[in-house]
Amino acid sequence: MASNPFITCLWFDGAAEAAADYYLSVFKDGKRGRVGLRPEHSGGVAGEVMVVEFEINGQRFVGLNGGPQFPFTEAVSFQIHCADDAEADYYYEALTADGGAESACGWVKDKFGLSWQVIPAGAIELISDPDPGRAGRAAAAMMKMKKLDVAEMRRAADAG
């Protein structure tokens, strides 16, 4: 069995190389791999970057310059489980900078339109508390947030 059987292919409209460089600047545990140029008679300009391989946090990706046909949607996102609030703040701010955008419940879109869920430590435990009342109150508080505030979620859970 392969040691990493899944590689995520991200479809870009000409920005695969810039996106790979961007993700490698945001995620400190990463490396760049091969870059493949578009061959002649492949539907694009021969010699332009067609694919770029990169790895962040142990996950392998291929950025493909496929064209404008398939933009990113929120139907697919990547979760970043953070060790503490400082790490969550870092990713939240880095991914919304330079044209990124906040969404709801800790979700953000980066400047390429890819969706991420920035999840601070303790958030999942609160919304999945075995006490349905606590979990419901924490989830209700979360639904009102853009950036997740675990302390506020905890206050809401405890307010029962």
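How many helices and strands does the protein have? There are five helices and eight strands, where helices (H or I, at least four residues) and strands (E, at least two) are DSSP runs numbered from the N terminus. The model is predicted, so local features need pLDDT of at least 70 and side-chain atom pairs count only at pLDDT 80 or more, while totals for chains, interfaces and linings use all residues. Residues are numbered from 1 along each chain as its sequence is written, and side-chain values use heavy atoms, with hydrogens and water left out.

**Whole chain**

Begin with the C-alpha trace, which spans about 65 × 35 × 25 Å along its principal axes. Followed from the N terminus, the elements run β-α-β-β-β-β-α-β-β-β-α-α-α. Of the 160 residues, 36% count as buried; buried means under 20% relative accessible area, exposed over 50%, and partly exposed in between (1.4 Å probe, protein chains only). Among contacts (heavy atoms within 4.5 Å) with a separation of 6 or more, 57% join residues 24 or more positions apart.

**The cores**

Next, select Y23, F27, I80, Y91, L95, W116 and V118, the residues with the most contacts inside the largest nonpolar core, which has 25 residues. A nonpolar core is a set of buried Ala, Val, Leu, Ile, Met, Phe, Trp, Tyr and Cys residues joined through side-chain atoms within 4.5 Å. The elements that give two or more residues to this core are β1 (8–12), α1 (16–26), β3 (49–56), β5, α2 and β8 (115–119). Its largest share, six residues, comes from α1. A second, separate core of 13 residues includes A123, A141, M145 and L148.

Centre the view on W116. Beyond four places in sequence, W116 touches Y23, F27, I56, S77, F78, I80, L95, G106, W107, V108 and D110.

Move to F27, in the loop between α1 and β2 (30–37). F27 counts as buried because its relative accessibility is 2%. Leaving aside neighbours within four places in sequence, F27 is in contact with I56, N57, I80, Y91 and W116.

**The largest pocket**

Now select F27, I56, N57, Q59, F61, F78, Q79, I80, H81, E87, Y91 and W116, which line the largest pocket. On a 1 Å grid over the protein atoms alone, a pocket is an open set of points where a 1.4 Å probe fits, with protein on both sides within 12 Å along at least five of seven lines; lining residues have an atom within 4 Å of a point. β4 (59–65), β5 (77–81) and α2 (85–96) are the elements that give two or more residues to this lining, and β5 gives the largest share, four residues.

**Two positive phi angles**

Most residues other than glycine have a negative phi. Select N57, in the loop between β3 and β4, where phi is positive at about 50 degrees. N57 is partly exposed because its relative accessible area is 45%. C105, in the loop between β6 (101–102) and β7 (107–109), has a positive phi of about 55 degrees. With a relative accessible area of 16%, C105 is buried.

**D129**

Finally, select D129 in the loop between α3 (123–127) and α4 (132–143). Is D129 buried or exposed? D129 counts as buried because its relative accessibility is 18%. Its side chain reaches the backbone nitrogen of D131 at 2.7 Å. Not counting residues up to four places away in sequence, D129 touches R134 and A135.

Key. A polar contact is a pair of N or O atoms within 3.5 Å; within protein, one must be able to donate a hydrogen and the other to accept it, and residues adjacent in sequence count only if both atoms are side-chain atoms.
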